[in-house]
Structure formats: C-alpha cells, structure tokens
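This briefing walks through side-chain contacts, strand pairing and backbone features of one model. Please keep the sequence and the coordinates open while reading.

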Amino acid sequence: MIEIGKLKLDSDFDYRIIREEDNDVDLYIDINYRCVDINVGESEIFNSRIQFPYVRSILLRINKEDHLMTVHLMRDIDLFSAFANFEVDFFNSIFKIKNLQEKVIISKN
C-alpha cells in the first residue's frame, strides 16, 4: 500500500507519477486493456457495479490536501484518450485497484 497525501492506495499494478505540481499529483496506472469493474456498493442508482471493457490505463488526479480525487479511464496511452471520469471521496478509506483473473476491480473500504 502507498500513501500520497491523504490517499491510501492498495494496487496490484505499477504506477508512475507523471505530474506533480505543488499539492497536485497525477498517477498513471497501466492495466493493459483489461475490463474494469467499479464496485459501487450501496447506491440509489446502480445495483452493484459499473463495468468498462477494454481500458488501457487509469489516471488518478489527486490533491494532497483533499479527500477527493478524479479517476480517468483511458482508451490509449495518450492523456487525451479518457472516455470516462468520476470523482471519488476516499475519506477514511483505502482505495483499491486489484487484478482478479484479468479483470480489474476498483473499490474502497
């Protein structure tokens, strides 16, 4: 597990810091075109998960002084290839990006 600012990240994948300015950090995580399941837990809209097929990489945009980050799902290695993004509040939790039989599970607990 790594800690960057207030984020606690548990991941099976290598990561690279591709930008760091003042308190802002961008982490690039290559997942090699795997399917991504986002475990949404108890939601008023979704039953259990959201799935994105064929994701090349994940970009995490973090502010070291905040508990919010933006997660970008990338179709290619180009930083402008994001096809979906969403905010995650990771207050008092561990953000997980795990490999499960060639599928990536994103969750927090």
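Arg-19, Glu-21, Asp-26 and Arg-61 are joined in a network of salt bridges, where a salt bridge is a side-chain nitrogen of Lys or Arg within 4 Å of a carboxyl oxygen of Asp or Glu. The model is a predicted one, in which local features need pLDDT of at least 70 and side-chain atom pairs count only at pLDDT 80 or more, while totals for chains, interfaces and linings use all residues. Residues are numbered from 1 along each chain as its sequence is written, and side-chain values use heavy atoms, with hydrogens and water left out.

**Salt bridges**

- A search of the whole structure finds 10 salt bridges.
- Lys-98 forms a salt bridge with Asp-10, and the closest N and O atoms of this pair are 3.0 Å apart. Because Lys-98 lies in strand β8 and Asp-10 in strand β2, the pair ties together parts that are 88 residues apart in sequence; strands here are DSSP runs (E, at least two residues), numbered from the N terminus.
- Lys-98 counts as partly exposed at 25% relative accessibility, on a scale in which buried means under 20% relative accessible area, exposed over 50% and partly exposed in between, with a 1.4 Å probe and protein chains only.
- Asp-30 forms a salt bridge with Arg-56, with 3.1 Å between the closest N and O atoms. This pair links distant parts of the chain, with Asp-30 in strand β4 and Arg-56 in strand β5, 26 residues apart.
- Asp-30 is partly exposed, with a relative accessible area of 31%, whereas Arg-56 counts as buried at 18% relative accessibility.
- Glu-102 forms a salt bridge with Arg-34, the closest N and O atoms again being listed at 3.1 Å apart. Glu-102 lies in the loop between β8 and β9 and Arg-34 in strand β4, so the pair ties together parts that are 68 residues apart in sequence.
- Glu-102 counts as exposed at 52% relative accessibility, while Arg-34, at 14%, counts as buried.

**Strand pairing around β8**

- Strand β2 (residues 7-11) and strand β8 (residues 95-100) run parallel and are joined by three bridges; two strands pair if DSSP finds at least two bridges between them. Within this pairing, Leu-9 stands opposite Phe-95 in β8.
- β8 also pairs with strand β9 (residues 103-108), in the antiparallel sense and over six bridges. Here Lys-98, the residue that forms a salt bridge with Asp-10, stands opposite Ile-105 in β9.
- The hairpin of β8 and β9 has two residues between the strands, and in this hairpin Gln-101 takes a positive phi near 50°.

**Aromatic rings and a nonpolar patch**

- The structure holds two aromatic pairs, counted where the centres of Phe, Tyr or Trp rings (the six-membered ring for Trp) lie within 6.5 Å, with planes under 30 degrees apart called stacked, over 60 edge-to-face and the rest tilted.
- One of them is the stacked pair of Tyr-33 and Tyr-54, with 4.7 Å centre to centre and 25° between the planes. Tyr-33 lies in strand β4 and Tyr-54 in strand β5, so the pair ties together parts that are 21 residues apart in sequence. Tyr-33 counts as partly exposed at 28% relative accessibility.
- The charged end of Arg-75 sits over the ring of Phe-83, 3.9 Å from its centre; this requires NZ of Lys or CZ of Arg within 6 Å of the ring centre and within 35 degrees of the ring normal.
- Ile-18, Leu-79 and Phe-80 make a nonpolar surface patch of about 340 Å². Such patches are made of residues with over 30% relative accessible area and no salt bridge, with nonpolar side chains (Val, Leu, Ile, Met, Phe, Trp, Tyr) joined within 5 Å and like charges within 9 Å. Accessible areas come from the Shrake-Rupley method with a 1.4 Å probe, and for residues only the protein chains shown count as cover.
- Phe-80 is placed in the loop between β6 (68-74) and β7 (82-89), and it is exposed, with a relative accessible area of 78%.

- Most residues other than glycine have a negative phi.
- Asn-32, in strand β4 (residues 24-39), has a positive phi of about 60° although it is not a glycine.
- Tyr-54, in strand β5 (residues 49-63), likewise has a positive phi, near 60°.
- Val-55 is also in strand β5 and counts as buried at 0% relative accessibility. The C-alpha atoms of Val-55 and Glu-42 are separated by 24 Å, the two residues being 13 apart along the chain.

Terms used:
Helices (H or I, at least four residues) and strands (E, at least two) are DSSP runs, numbered from the N terminus.
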